[in-house]
Amino acid sequence: MRLVLVGPPGAGKGTQAQFLAAHFSIPHISTGDIFRANLKGNTPLGIEAKKFMDKGELVPDSVTNDMVKDRLNQGDLENGFLLDGYPRNVAQAEVLRAILAEKGTPLHAALELSVNNEEIISRLSGRRSCSNCQRPFHIENEKPAVEGACDNCGSPLIQREDDKAEVIKRRLEVYAEQTEPIISFYRNEGLLITISATGAVNEITESAIAALSRVK
Ligand code: AMP
């Protein structure tokens, strides 16, 4: 299964990606996670990306596309992949289509997680993320078993810099201006599947799996 997840920040892409990647036995490729890992490691890529991430802006396409191309050339994609957070504009969607066409492995689907704005703001401002494995939690809706610690690896939970109120506002604007047009792009390609992403996490996963099982 070769899949991209589409939806605004806070739609639950990271959470659903973990379950869907496990279900389909495919790698979860999150461009945001790759940038954050580079940021933590203080690599040149991380230092460059931080300038944009801290403001809620997109990292330039030249940087992002090369990074994704490298990742898609690694040898662990025989079952497919799940891209989360990429593409984020139509130019990236076109680059992805070209990379995959060259490899003869086109996408099977673009899964849109649909959520209203109010819900998004509440989710993002309450989100806490593992400082090590990035797993997302929520201070009310998805608490960890031990307060402040990740269920997966026990590392401390933190609030991402870009989950602070002023940055959330800008990320939502950037989504509306630059990312939302990819929904029409994938609709025109005949790849778009939209599910409602409000409600219990496991019910959303089940509805995603049911929708994807109809994909050929
Ligand atoms: P995310 O974890 O997907 O919300 O991404 C966090 C931040 O990383 C975004 O706000 C952008 O600054 C940057 N980023 C992640 N993916 C992309 C992308 N495909 N294109 C440009 N910037 C990205």
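First, the ground rules. Residues are numbered from 1 along each chain as its sequence is written, and side-chain values use heavy atoms, with hydrogens and water left out. Since the model is predicted, local features need pLDDT of at least 70 and side-chain atom pairs count only at pLDDT 80 or more, while totals for chains, interfaces and linings use all residues.

Now the ligand. There are 16 residues around it, and Thr31, Arg36, Glu57, Gly85 and Gln92 come nearest. Being near takes a heavy atom within 4 Å. By class, the shell splits into 5 nonpolar, 5 polar and 6 charged residues.

Next, polar contacts, meaning pairs of N or O atoms within 3.5 Å. Threonine 31 puts a polar side-chain atom 2.8 Å from a ligand nitrogen. For arginine 160, a side-chain N or O atom is 3.2 Å from a ligand oxygen. How much of the ligand's 480 Å² of accessible area does the protein cover? The figure is 96%, by the Shrake-Rupley method with a 1.4 Å probe.

On to the cores. A core here is a set of buried nonpolar residues (under 20% relative accessible area, 1.4 Å probe, protein chains only), joined through side-chain atoms within 4.5 Å. The largest has 24 residues. Leu5, Leu20 and Leu82 are among those with the most contacts inside it. Apart from this core lies another, of 22 residues, including Ile29 and Leu72.

Note on methods. Polar contact = N/O pair within 3.5 Å; in protein donor to acceptor, adjacent residues only side chain to side chain. Nonpolar A, V, L, I, M, F, W, Y, C, P; charged D, E, K, R; others polar. Buried < 20%, exposed > 50% of the residue type's maximum accessible area, 1.4 Å probe, protein only.
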